[in-house]
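Subject: Structure handover

Hello,

Here is the structure I promised to pass on. My notes on it follow below.

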Amino acid sequence: MTPDEVRPVRAGRRTVPTHRPDKVLFPGDGGGDGAAKEYTKADLVDYYKSVAPYLLPHLRGRPLMLERYPDGLDGPRFMQKNAPDHYPDWIERAEVAKEDGTVTHVVCGDTATLVYLADQACLTLHRWLSRTTAPGRPDRLVLDLDPPGTDFAPVREAARWAGDLLDRLGLPAAPMTTGSRGLHLVVPLNGRHEFDEVRAFARDLAALLAAEHPDRLTTAVRKDERGDRLFLDMGRNAYAQTAVAPYTVRARPGAPVAVPITWDQLADPALDARRWTVADAVDQARTRPWADIPARGRALGPARRRLDALRRASG
(Lines give C-alpha, C1' and ligand atoms only; values in the text may rest on other atoms or scores of the structure.)
Protein backbone atom coordinates (compact mmCIF):
# COMPACT_ATOMS: atom_id res chain seq x y z
CA MET A 1 0.00 0.00 0.00
CA THR A 2 1.41 3.37 -0.98
CA PRO A 3 1.47 6.38 1.37
CA ASP A 4 -1.18 8.05 -0.81
CA GLU A 5 -3.58 5.28 0.21
CA VAL A 6 -3.24 6.13 3.91
CA ARG A 7 -4.84 9.27 5.32
CA PRO A 8 -3.99 10.18 8.95
CA VAL A 9 -6.99 11.59 10.81
CA ARG A 10 -6.58 13.49 14.06
CA ALA A 11 -9.25 12.39 16.52
CA GLY A 12 -8.94 13.82 19.99
CA ARG A 13 -5.53 12.87 21.40
CA ARG A 14 -4.91 10.21 18.75
CA THR A 15 -4.01 10.16 15.10
CA VAL A 16 -5.80 7.29 13.39
CA PRO A 17 -4.55 6.05 10.00
CA THR A 18 -7.38 5.50 7.54
CA HIS A 19 -6.81 3.34 4.50
CA ARG A 20 -7.93 3.77 0.90
CA PRO A 21 -9.92 6.94 1.67
CA ASP A 22 -11.10 7.25 -1.94
CA LYS A 23 -12.73 3.80 -1.90
CA VAL A 24 -16.39 4.16 -2.84
CA LEU A 25 -18.67 2.71 -0.16
CA PHE A 26 -21.94 4.18 -1.40
CA PRO A 27 -22.10 4.12 -5.22
CA GLY A 28 -24.15 6.91 -6.78
CA ASP A 29 -26.81 6.17 -9.36
CA GLY A 30 -25.71 8.91 -11.75
CA GLY A 31 -29.13 10.53 -11.90
CA GLY A 32 -30.27 14.14 -11.57
CA ASP A 33 -32.18 15.86 -8.79
CA GLY A 34 -33.08 13.47 -5.97
CA ALA A 35 -30.59 10.85 -7.13
CA ALA A 36 -28.45 8.96 -4.65
CA LYS A 37 -25.01 10.54 -4.31
CA GLU A 38 -21.71 8.73 -4.22
CA TYR A 39 -19.83 8.64 -0.91
CA THR A 40 -16.33 7.37 -0.18
CA LYS A 41 -14.69 6.00 2.92
CA ALA A 42 -13.24 9.48 3.54
CA ASP A 43 -16.78 10.87 3.53
CA LEU A 44 -17.85 8.26 6.08
CA VAL A 45 -14.85 8.98 8.31
CA ASP A 46 -15.43 12.74 8.12
CA TYR A 47 -19.12 12.32 8.96
CA TYR A 48 -18.48 10.19 12.02
CA LYS A 49 -15.77 12.55 13.23
CA SER A 50 -18.11 15.54 12.84
CA VAL A 51 -21.11 13.92 14.49
CA ALA A 52 -19.09 12.44 17.37
CA PRO A 53 -20.13 15.03 20.02
CA TYR A 54 -23.79 14.13 19.43
CA LEU A 55 -23.40 10.39 18.79
CA LEU A 56 -20.99 9.35 21.53
CA PRO A 57 -23.38 10.01 24.44
CA HIS A 58 -25.66 7.36 22.91
CA LEU A 59 -22.83 4.82 22.63
CA ARG A 60 -20.72 5.16 25.76
CA GLY A 61 -20.82 2.16 28.03
CA ARG A 62 -22.87 0.00 25.64
CA PRO A 63 -21.82 -3.15 23.78
CA LEU A 64 -22.01 -2.70 20.01
CA MET A 65 -22.75 -4.90 17.05
CA LEU A 66 -20.99 -3.63 13.94
CA GLU A 67 -22.52 -3.79 10.44
CA ARG A 68 -19.60 -3.84 8.01
CA TYR A 69 -19.30 -3.61 4.23
CA PRO A 70 -15.59 -3.93 3.43
CA ASP A 71 -16.26 -3.61 -0.32
CA GLY A 72 -19.09 -1.08 -0.06
CA LEU A 73 -22.80 -1.58 -0.58
CA ASP A 74 -22.21 -3.69 -3.67
CA GLY A 75 -20.15 -6.21 -1.68
CA PRO A 76 -20.96 -8.67 1.09
CA ARG A 77 -22.21 -7.58 4.49
CA PHE A 78 -21.31 -9.11 7.80
CA MET A 79 -22.46 -8.44 11.34
CA GLN A 80 -19.60 -8.38 13.83
CA LYS A 81 -20.09 -8.99 17.53
CA ASN A 82 -16.62 -10.05 18.67
CA ALA A 83 -13.85 -7.48 18.80
CA PRO A 84 -10.95 -8.98 16.77
CA ASP A 85 -7.59 -9.42 18.46
CA HIS A 86 -5.94 -7.13 15.90
CA TYR A 87 -8.00 -4.11 16.99
CA PRO A 88 -5.78 -1.62 18.86
CA ASP A 89 -5.57 -2.10 22.60
CA TRP A 90 -6.84 1.45 23.16
CA ILE A 91 -10.27 0.44 21.86
CA GLU A 92 -12.55 -0.35 24.78
CA ARG A 93 -14.04 -3.83 25.00
CA ALA A 94 -16.66 -5.50 27.16
CA GLU A 95 -17.09 -9.23 27.79
CA VAL A 96 -20.74 -10.16 28.31
CA ALA A 97 -22.52 -13.45 28.82
CA LYS A 98 -24.26 -15.37 26.08
CA GLU A 99 -26.08 -18.69 26.12
CA ASP A 100 -23.01 -20.88 25.61
CA GLY A 101 -20.26 -18.67 27.00
CA THR A 102 -19.25 -15.06 26.52
CA VAL A 103 -18.66 -12.60 23.72
CA THR A 104 -16.35 -9.57 23.74
CA HIS A 105 -17.95 -6.53 22.13
CA VAL A 106 -16.47 -3.22 21.07
CA VAL A 107 -17.54 -0.29 23.24
CA CYS A 108 -17.21 3.15 21.66
CA GLY A 109 -16.46 6.01 24.01
CA ASP A 110 -14.33 8.39 21.95
CA THR A 111 -13.93 9.93 18.52
CA ALA A 112 -10.82 7.91 17.72
CA THR A 113 -12.79 4.68 18.02
CA LEU A 114 -15.49 6.06 15.74
CA VAL A 115 -12.87 6.95 13.13
CA TYR A 116 -11.22 3.55 13.44
CA LEU A 117 -14.55 1.74 12.96
CA ALA A 118 -15.37 3.87 9.93
CA ASP A 119 -12.00 2.90 8.48
CA GLN A 120 -13.09 -0.72 8.99
CA ALA A 121 -16.07 0.09 6.71
CA CYS A 122 -18.44 -0.18 9.64
CA LEU A 123 -21.40 1.70 8.26
CA THR A 124 -23.96 1.10 10.99
CA LEU A 125 -23.57 0.93 14.77
CA HIS A 126 -26.15 -1.21 16.54
CA ARG A 127 -26.18 -0.61 20.29
CA TRP A 128 -27.45 -2.64 23.22
CA LEU A 129 -30.34 -1.19 25.21
CA SER A 130 -28.40 -1.85 28.42
CA ARG A 131 -24.96 -0.87 29.64
CA THR A 132 -21.87 -2.93 30.35
CA THR A 133 -22.26 -2.21 34.07
CA ALA A 134 -25.70 -3.86 34.14
CA PRO A 135 -26.20 -5.84 30.91
CA GLY A 136 -29.37 -7.49 32.14
CA ARG A 137 -31.12 -4.22 33.04
CA PRO A 138 -32.00 -1.98 30.06
CA ASP A 139 -32.19 1.78 30.39
CA ARG A 140 -33.92 2.15 27.03
CA LEU A 141 -37.17 0.75 25.65
CA VAL A 142 -37.57 0.88 21.88
CA LEU A 143 -40.79 0.72 19.90
CA ASP A 144 -40.04 0.10 16.21
CA LEU A 145 -42.76 1.30 13.84
CA ASP A 146 -42.43 -0.87 10.74
CA PRO A 147 -44.71 0.24 7.87
CA PRO A 148 -46.14 -2.20 5.32
CA GLY A 149 -44.68 -0.24 2.40
CA THR A 150 -42.67 2.86 1.60
CA ASP A 151 -45.36 5.42 2.51
CA PHE A 152 -44.28 7.29 5.65
CA ALA A 153 -47.74 8.69 6.47
CA PRO A 154 -48.79 5.56 8.42
CA VAL A 155 -45.58 5.87 10.46
CA ARG A 156 -46.32 9.47 11.41
CA GLU A 157 -49.86 8.47 12.33
CA ALA A 158 -48.77 5.52 14.47
CA ALA A 159 -46.07 7.56 16.18
CA ARG A 160 -48.67 10.13 17.26
CA TRP A 161 -50.90 7.42 18.69
CA ALA A 162 -47.98 5.76 20.48
CA GLY A 163 -46.71 9.08 21.81
CA ASP A 164 -50.15 9.96 23.17
CA LEU A 165 -50.41 6.58 24.93
CA LEU A 166 -46.93 6.88 26.42
CA ASP A 167 -47.83 10.37 27.61
CA ARG A 168 -50.89 8.93 29.36
CA LEU A 169 -48.57 6.43 31.02
CA GLY A 170 -46.19 9.17 32.17
CA LEU A 171 -43.31 8.03 29.96
CA PRO A 172 -41.47 10.58 27.77
CA ALA A 173 -40.64 9.24 24.31
CA ALA A 174 -38.06 10.43 21.80
CA PRO A 175 -38.78 9.91 18.06
CA MET A 176 -36.04 8.97 15.61
CA THR A 177 -36.14 8.30 11.89
CA THR A 178 -34.37 5.01 11.19
CA GLY A 179 -32.73 5.93 7.89
CA SER A 180 -34.45 2.88 6.41
CA ARG A 181 -38.29 2.75 6.30
CA GLY A 182 -39.73 3.40 9.72
CA LEU A 183 -39.30 5.22 12.98
CA HIS A 184 -38.17 4.35 16.51
CA LEU A 185 -39.67 5.71 19.69
CA VAL A 186 -37.01 5.59 22.40
CA VAL A 187 -38.20 5.60 26.02
CA PRO A 188 -35.50 6.31 28.67
CA LEU A 189 -35.76 4.02 31.71
CA ASN A 190 -33.98 4.12 35.05
CA GLY A 191 -32.14 0.85 34.44
CA ARG A 192 -33.54 -0.94 37.49
CA HIS A 193 -35.80 -3.42 35.69
CA GLU A 194 -34.82 -6.78 34.23
CA PHE A 195 -35.26 -7.39 30.51
CA ASP A 196 -38.18 -9.78 31.10
CA GLU A 197 -40.14 -7.06 32.89
CA VAL A 198 -39.37 -4.45 30.22
CA ARG A 199 -40.22 -6.85 27.41
CA ALA A 200 -43.54 -7.78 29.02
CA PHE A 201 -44.40 -4.10 29.42
CA ALA A 202 -43.46 -3.41 25.79
CA ARG A 203 -45.58 -6.35 24.61
CA ASP A 204 -48.64 -5.15 26.56
CA LEU A 205 -48.10 -1.59 25.39
CA ALA A 206 -48.10 -2.72 21.76
CA ALA A 207 -51.13 -4.93 22.32
CA LEU A 208 -53.14 -2.02 23.72
CA LEU A 209 -52.10 0.24 20.85
CA ALA A 210 -53.15 -2.39 18.33
CA ALA A 211 -56.47 -2.91 20.15
CA GLU A 212 -57.17 0.83 20.04
CA HIS A 213 -56.45 0.98 16.28
CA PRO A 214 -57.10 -2.55 14.99
CA ASP A 215 -57.52 -1.53 11.36
CA ARG A 216 -54.22 0.37 11.24
CA LEU A 217 -51.82 -1.37 13.64
CA THR A 218 -50.83 -4.96 14.38
CA THR A 219 -48.51 -6.99 16.58
CA ALA A 220 -48.54 -9.99 14.21
CA VAL A 221 -45.00 -11.26 13.73
CA ARG A 222 -45.87 -13.11 10.53
CA LYS A 223 -45.93 -10.76 7.54
CA ASP A 224 -48.75 -12.65 5.87
CA GLU A 225 -50.97 -11.88 8.86
CA ARG A 226 -50.40 -8.10 8.83
CA GLY A 227 -52.18 -7.11 5.65
CA ASP A 228 -51.72 -3.39 5.08
CA ARG A 229 -51.36 -2.61 8.80
CA LEU A 230 -48.25 -1.14 10.41
CA PHE A 231 -46.28 -3.58 12.56
CA LEU A 232 -45.53 -2.60 16.15
CA ASP A 233 -42.20 -4.34 16.67
CA MET A 234 -41.19 -4.77 20.32
CA GLY A 235 -38.68 -7.54 19.66
CA ARG A 236 -35.62 -5.39 20.35
CA ASN A 237 -36.44 -5.25 24.05
CA ALA A 238 -34.57 -8.41 25.02
CA TYR A 239 -31.14 -9.34 26.30
CA ALA A 240 -28.39 -9.04 23.66
CA GLN A 241 -30.78 -7.52 21.10
CA THR A 242 -29.72 -4.24 19.53
CA ALA A 243 -31.18 -1.13 17.92
CA VAL A 244 -29.57 1.30 15.50
CA ALA A 245 -27.90 4.12 17.37
CA PRO A 246 -28.96 7.75 16.89
CA TYR A 247 -26.91 9.44 14.14
CA THR A 248 -25.62 6.16 12.72
CA VAL A 249 -25.38 5.68 8.95
CA ARG A 250 -27.56 3.08 7.26
CA ALA A 251 -26.47 0.74 4.50
CA ARG A 252 -28.74 2.22 1.85
CA PRO A 253 -28.05 4.16 -1.36
CA GLY A 254 -27.28 7.79 -0.64
CA ALA A 255 -25.95 7.09 2.91
CA PRO A 256 -29.10 7.96 4.91
CA VAL A 257 -28.76 8.45 8.66
CA ALA A 258 -30.93 7.48 11.63
CA VAL A 259 -31.75 10.90 13.07
CA PRO A 260 -33.45 12.08 16.27
CA ILE A 261 -36.29 14.51 15.60
CA THR A 262 -38.70 16.64 17.58
CA TRP A 263 -42.41 15.93 17.83
CA ASP A 264 -43.03 19.12 15.87
CA GLN A 265 -40.87 17.81 13.03
CA LEU A 266 -42.94 14.64 12.98
CA ALA A 267 -45.90 16.74 11.82
CA ASP A 268 -44.11 17.69 8.59
CA PRO A 269 -45.84 15.79 5.75
CA ALA A 270 -42.58 15.87 3.78
CA LEU A 271 -40.75 13.87 6.46
CA ASP A 272 -39.65 10.35 5.67
CA ALA A 273 -37.28 7.79 7.16
CA ARG A 274 -34.39 8.81 4.90
CA ARG A 275 -34.82 12.57 5.17
CA TRP A 276 -31.20 13.09 6.38
CA THR A 277 -27.93 11.76 4.99
CA VAL A 278 -24.26 12.12 5.87
CA ALA A 279 -24.42 15.44 4.00
CA ASP A 280 -26.79 17.17 6.45
CA ALA A 281 -27.40 15.00 9.53
CA VAL A 282 -24.88 17.00 11.58
CA ASP A 283 -26.94 20.14 10.94
CA GLN A 284 -29.96 18.39 12.49
CA ALA A 285 -27.83 17.16 15.39
CA ARG A 286 -26.76 20.70 16.20
CA THR A 287 -30.40 21.63 16.86
CA ARG A 288 -30.38 19.09 19.74
CA PRO A 289 -33.84 17.70 18.95
CA TRP A 290 -34.01 15.60 22.12
CA ALA A 291 -33.14 18.46 24.47
CA ASP A 292 -36.58 18.26 26.10
CA ILE A 293 -36.27 14.55 26.91
CA PRO A 294 -35.40 14.13 30.64
CA ALA A 295 -31.83 13.04 31.25
CA ARG A 296 -32.94 10.67 34.02
CA GLY A 297 -35.04 7.71 32.87
CA ARG A 298 -38.32 6.72 34.48
CA ALA A 299 -39.27 3.71 36.58
CA LEU A 300 -41.77 1.33 35.00
CA GLY A 301 -43.81 0.70 38.16
CA PRO A 302 -46.21 3.67 37.90
CA ALA A 303 -46.50 3.26 34.12
CA ARG A 304 -47.27 -0.46 34.52
CA ARG A 305 -50.12 0.31 36.91
CA ARG A 306 -51.56 2.89 34.51
CA LEU A 307 -51.18 0.51 31.58
CA ASP A 308 -52.96 -2.31 33.43
CA ALA A 309 -55.82 0.06 34.30
CA LEU A 310 -56.18 1.11 30.68
CA ARG A 311 -56.18 -2.51 29.53
CA ARG A 312 -58.90 -3.41 32.04
CA ALA A 313 -60.98 -0.43 30.97
CA SER A 314 -60.68 -1.43 27.32
CA GLY A 315 -62.02 -4.88 28.08
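A search of the whole structure turns up one cavity of 30 Å³ or more. The search runs on a 1 Å grid over the protein atoms alone; a cavity is a set of points where a 1.4 Å probe fits but cannot get out. A pocket is an open set with protein on both sides within 12 Å along at least five of seven lines, and lining residues have an atom within 4 Å of a point. Grid points are joined across faces, edges and corners, and volume is the space filled by probe spheres set on the points.

Bear in mind that this is a predicted model: local features need pLDDT of at least 70, side-chain atom pairs count only at pLDDT 80 or more, and totals for chains, interfaces and linings use all residues. Residues are numbered from 1 along each chain as its sequence is written, and side-chain values use heavy atoms, with hydrogens and water left out.

**The cavity**

The largest cavity holds about 30 Å³ of space. Its lining consists of Arg 127, Val 142, Met 176, His 184, Val 186, Ala 243, Val 244 and Pro 246. By class, that is six nonpolar, one polar and one charged. Here Ala, Val, Leu, Ile, Met, Phe, Trp, Tyr, Cys and Pro count as nonpolar, Asp, Glu, Lys and Arg as charged, and the others, Gly among them, as polar. Strands β14 and β17 each supply at least two residues of this lining. Strands (E, at least two residues) and helices (H or I, at least four) are DSSP runs, numbered from the N terminus.

**The pockets**

The largest pocket has about 460 Å³ of space. Its lining has 24 residues, and Pro 57, His 58, Arg 140, Trp 290 and Ile 293 lie nearest the centre. Helix α1 (41-55) and strand β14 (183-188) each give at least two residues to it.

The second largest pocket has about 290 Å³. Of its 19 lining residues, Asp 144, Ser 180, His 184, Arg 236 and Arg 250 are the closest to its centre. The classes here are six nonpolar, six polar and seven charged. β12 (140-146), β14 and β17 (242-244) each supply at least two lining residues. β12 gives the most, with three.

Arg 140 deserves a look of its own. Arg 140 sits in strand β12. Is Arg 140 buried or exposed? Arg 140 counts as buried, because its relative accessibility is 18% and buried means under 20% relative accessible area (exposed is over 50%, partly exposed in between; 1.4 Å probe, protein chains only). Beyond neighbours within four places in sequence, Arg 140 is in contact (heavy atoms within 4.5 Å) with Arg 62, Arg 127, Leu 129, Val 186, Val 187, Pro 188, Leu 189 and Asn 237.

**The whole protein**

There are seven helices and 18 strands. The C-alpha trace spans about 70 × 50 × 35 Å along its principal axes. The radius of gyration is 20 Å, which agrees with the value near 20 Å for a compact globule of 315 residues. That radius is taken over C-alpha atoms, and the globule rule is 2.2 Å times the number of residues to the power 0.38. Of the 315 residues, 52% count as buried. Among contacts between residues at least 6 apart in sequence, 67% join residues at least 24 apart.

α4 (residues 195-212) has 18 residues and reaches 26 Å from first C-alpha to last, close to the 26 Å expected at 1.5 Å a residue. The expected span is 1.5 Å times one less than the number of residues. Buried residues of α4 include Phe 195, Phe 201, Asp 204 and Leu 208.

α7 (residues 301-314) has 14 residues and reaches 20 Å, close to the 20 Å expected. Gly 315 follows α7, with a positive phi near 85°. Gly 315 is exposed, at 96% relative accessible area. Its C-alpha lies 9.9 Å from that of Ala 211, 104 residues away along the chain.

**Two positive phi values**

Most residues other than glycine have a negative phi. Tyr 247 has a positive phi near 70°. Tyr 247 lies in the loop between β17 and β18 (259-260) and is buried, at 3%. Arg 288 has a positive phi near 50°. Arg 288 lies in the loop between α6 (281-286) and α7 and is exposed, at 53%.

Best wishes
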